[in-house]
Amino acid sequence: YLQSNGKKFDASYDRGQPLAFKVGTGQVIKGWDEGLLSMKVGGKRILVIPSDLAYGKRSVGGGLIPADSVLVFYVELVTLAA
């Protein structure tokens, strides 16, 4: 969600499957890498990510996420893979 107006720009729940990625490898925004490192399987967390740990001064998604946006994610760590 965009913190500024509550608009949802993406949700893996809506797609019906979790987002798979490797933490700490730059596959996702830095705020996710930092916010998920201490989570345990089954844990839930709200990540409020400042723009400098998200997309910064860049607008992404054709303007779906404006530059300098603070992003809010409701996350659940479903599983870990080796």
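Is Phe-73 buried or exposed? In this predicted model, Phe-73 is buried, with a relative accessible area of 14%, because anything under 20% counts as buried. The aromatic residues around the chain give a way to read the rest of the structure.

There are four aromatic pairs in the structure. One of them joins Tyr-1 and Tyr-74 edge-to-face, with 5.9 Å from centre to centre and 85 degrees between the planes. This pair connects distant parts of the chain: Tyr-1 belongs to the segment before helix 1 (12-15), Tyr-74 belongs to strand 2 (residues 71-76), and 73 residues separate them. Tyr-1 has 31% relative accessibility and counts as partly exposed, whereas Tyr-74, at 52%, counts as exposed.

Another edge-to-face pair is formed by Phe-9 and Phe-73, whose centres are 5.7 Å apart and whose planes make an angle of 90 degrees. Here too distant parts of the chain are linked, as Phe-9 sits in the segment before helix 1 and Phe-73 in strand 2, 64 residues apart. Phe-9 counts as buried, with 15% relative accessibility, and Phe-73 is buried as well. Both residues also belong to a cluster in which ring pairs link Phe-9, Phe-21, Trp-32 and Phe-73.

Ile-46 lies in strand 1 (residues 44-49). With a relative accessible area of 51%, Ile-46 is exposed, because the exposed class begins over 50%.

Notes
Residues numbered from 1 in each chain as written. Predicted model: local features only at pLDDT ≥ 70, side-chain atom pairs only at ≥ 80, totals over all residues. Heavy atoms only, no water. Helix = DSSP H or I, 4+ residues; strand = E, 2+ residues; numbered from the N terminus. Buried < 20%, exposed > 50% of the residue type's maximum accessible area, 1.4 Å probe, protein only. Phe/Tyr/Trp six-rings, centres within 6.5 Å; stacked < 30°, edge-to-face > 60°.
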